[in-house]
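Hi,

Here's the structure I promised to pass along.

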Amino acid sequence: MLEGRKNLFEKLRLQISDNDKIIWIHCASLGEFEQGRSLIEKMKLEHPEKKILLTFFSPSGYEVRKNYQYADYIYYLPFDFKSNVKSFLNIVNPELVVFVKYEFWFNYIAELKKRGIPLILISGIFRKDHHFFKFYGAWFRKQLKNFNFFFLQNQESAGLLKSINIENYNVTGDTRFDRVIEIAKHSKSFPEIANFVGTSKVIIAGSTWERDEDLLLKYINQDKSDLKLIIAPHLVDENHIENICKKISVSFISYSKIENVDLSAFKVLIIDNIGILSHVYQYGTIAYIGGAFGKGLHNILEAATFGLPVIFGPKYKKFQEAKDLIKLEGAFSIQNQAELNDKFNQLLNEENFYSISSNICEKYIIKSAGATEKIMSYIGKL
């Protein structure tokens, strides 16, 4: 994080021209980038004369997306000190600023307001435990008044803003829905994976951590049917892949070793690379998404857009899409091995139950799309 910010202002001065018409989009990390991505690409398509400046706070976003083709400039965000803020804005001088989800850097916000530069928040989400809504939150609430507009994910966020007398918002939903629909429309085919799947039912396990993997592997090790498992762990370093392999007692193979191999004979396929998971879901029957036994649930929308019922652990309360799909019965939260086994068995063996859950997921994605267009309409007016 510190190394990536060395000589940052020198780089900015060398690369950015005074004549550039810049739209600045800021994301905390990779997850927020995925929420801003559809807007960036739409903006670049409709306004090619504008330069897109993309900033990240954390290395986990910057290092993965530092070569992203739809942004003209990609940097770390200079730390939120007043001197940094003024230097950054003097160089960049953006026409519009977009913060994604819940990035609130108050020196930036105040200086943008002072300079009359429009600032909007997209895919915004607020919770009652945020500082803005506490008894001591008067100063924080005042900073929110400096935003021109809030595009929110849900009605709960709208109600919270309204409770502190902020009404310049619209509930447009999450821009990630637009992104996953595009992925599904243009999904890449993988003949080797199709060969592995054959006519079998398949569990696709995405972004798994150790606790998730223990549950999944116990289930597949005991399965006597032709069910198959594709597992794409969150960490793909050699040690982690080796640990997974040690726990598998059925036939398995890693994706990196599939060349000139007939995959149809294997029961488990380990995706030991990054970047293809969102396309792999097209081959699945059910999805299990990792993270919800740890810090928090990973992306379930990429699976749901292909009509896969989704299963995950207990920590999902901060994710609106997870709460929505659980309520609709397109997704299911499990606490332990027994619950995982029961839910897998129900979805695999009860055809009507599976069909209803699958349709719910597909319809939910389609119904929730459109946030990007609504935001672009507002930006057009600006």
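(Helices, H or I of at least four residues, and strands, E of at least two, are DSSP runs numbered from the N terminus.)

Before going on: this is a predicted model, so local features need pLDDT of at least 70 and side-chain atom pairs count only at pLDDT 80 or more, while totals for chains, interfaces and linings use all residues. Residues are numbered from 1 along each chain as its sequence is written, and side-chain values use heavy atoms, with hydrogens and water left out.

Back to helix 4 (residues 82-92): Asn84, Val85, Phe88, Leu89, Ile91 and Val92 are buried there, meaning under 20% relative accessible area with a 1.4 Å probe, protein chains only. They sit on the same side of the helix because they cover an arc of only 160° around the axis, taken from the directions from the helix axis to the C-beta atoms. Lys82, Ser83 and Asn90 are exposed (over 50%) on the face turned away from that buried side. Among the elements covering the buried residues are helix 1 (8-15), strand 1 (22-27), strand 2 (51-56) and helix 5 (106-115).

Then there's the sheet: open, seven strands, order 3-2-1-4-5-6-7, parallel pairing (two strands pair if DSSP finds at least two bridges between them). Strand 3 (73-76) and strand 7 (169-171) are the edges, each pairing on one side only.

Lastly, serine 358 lies in helix 16 (residues 351-368) and is buried, at 11% relative accessible area. Leaving aside neighbours within four places in sequence, serine 358 is in contact (heavy atoms within 4.5 Å) with Gly307 and Pro309.

Cheers
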